Every structure is written in structure tokens, then in C-alpha cells.
Amino acid sequence: LAELRERIEENLTRREDSRVHKQLEDKILKSLAERTEMDVPEGLVSEQIHTWRVEREQELVQEGKTREEIEETLATEEAAETGEIEGEGRDAQIRANVKTYFILETIADQEKIFATEKDVADRVAGMAEIYQIPHRRLLDELEQSGRLVELRQSLRHEKVREFLRKKASITPVPGSAPEKTAPTAEKAADDSPEASSEPPAAEEGSGPESEGSETAGDGEREG
């Protein structure tokens, strides 16, 4: 019973930490996007929803959600994405997501941030445990569906987000003791590499669905 209680507490703590980290990372990326102007390629807009699903799934895995919770959350959010957000509002959101993708890719390239084979193997092992299926079977499914490339890209973007969060400056929290501090997203955005105003030229096999398939190299940086 004590072990079960400890696992539940650890799971709740991990979920809360993940939520707080994501809020700060989103704020930093929003600040970067607001100061970056670029024309979003039309072809990438239509691909964004699929890419979003892969990255959202990984966020839920990191939060420690069960397989049932992950599938239910994705189904609910996808229904909202395609049904409730319509017209200009939905188009604007998708374009914002593509813009964020290019910002993450630009920073990853400049800072030499990559997802290593160990990163991928560890995440697949974690997903196999959550989904309660053999590791080899899940790996085969990911490879056959092309999702393994997308998983690697998602892991790379996670590292960039962590990199930006850790660069956030520390400023005193109003009304707190002097030693208590809080990160400032705006300062992290100021210190981050500026994303190019021109998105990378579209090449065969590139884009939000297939970019980020680099293997680990000497220039790897662990976020």
C-alpha cells in the first residue's frame, strides 16, 4: 500500500511539473513568435494537424497518463480542433503552430540540439509500458507508419523547449522572501537565437512530418 501511495504521489508531482514547465515554454515561444515575421508555406498548413497529434501524444506520455486517458484526450481535442475551431480562427491557429515549428527547428539547428537513438529507445520503451504492448511490436508499428521519424522530431522539440525554459532569467517573486525566485519568459526569449524571418526552403522529405530525423552526433546537446 505504501508503495502504491508513493507511485501515485510521484505521478501527480510529475504531472504538475510537466504542466508548469509547458506553461512557461509556451509563453516563451509565444514571445518569440510575436517578434518573428514569416510567410507560412501553404503546404505545411495542411500537415500541421497530424504533426500536432504526435507531439500532443508525447506530452501526455510525459505527464504519466494511462493509455485510455491518452486516447480519450486526443479524441476530444481532435474533435475540438476540427469542429469547434473553424474558418479564420482555425486557420490562424494552424499557421501559428507552423510558425512555432520553424522557430523550434531554427533554434535546434543553431544550438545543435538533436534527439539521440537512446532518447528514442527510452521513449518507445516508456510508451510500450503505458500501452501494455511488447516493445518490439510498438517499434515495428512506429517504423511502418512513419511515426518513428515524427517521434524523433517531437523529442528534438522537447529538448529545445527545455533549453529555452532553462535560459529563463530568475527574478524575485513579489511578496516572497528574497531567496524565492521565479523564471521570466520574456528574458529567455530575449536571450534565445532569433528565428529566421524566412522559413527553410522546402525540400523533399522535409517539413513538420518528416524533419528532425537526425541521428546523434558529436554536436549533440542535452537541452
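A salt bridge here is a side-chain nitrogen of Lys or Arg within 4 Å of a carboxyl oxygen of Asp or Glu. By that criterion, the whole structure holds 19 salt bridges. The model is predicted: local features need pLDDT of at least 70, side-chain atom pairs count only at pLDDT 80 or more, and totals for chains, interfaces and linings use all residues. Residues are numbered from 1 along each chain as its sequence is written, and side-chain values use heavy atoms, without hydrogens and water.

**View A. Salt bridge between E69 and R15.** The closest N and O atoms are 3.1 Å apart. E69 lies in helix α4 (residues 67-84) and R15 in helix α1 (residues 2-34), so the pair ties together parts 54 residues apart in sequence. Helices are DSSP runs (H or I, at least four residues), numbered from the N terminus. E69 is partly exposed at 29% relative accessibility. Buried means under 20% relative accessible area, exposed over 50%, partly exposed in between (1.4 Å probe, protein chains only).

**View B. Salt bridge between R156 and E105.** The N to O distance is 3.0 Å. R156 lies in helix α8 and E105 in helix α5 (residues 87-111), so the pair ties together parts 51 residues apart in sequence. R156 is buried, at 1% relative accessibility. E105 is buried too, at 3%.

View C. R67 is partly exposed at 31%, and E71 is partly exposed at 44%.

**View D. A salt-bridge network.** K22, E25, D26, R161 and R165 are linked.

Conventions
Helix = DSSP H or I, 4+ residues; strand = E, 2+ residues; numbered from the N terminus.
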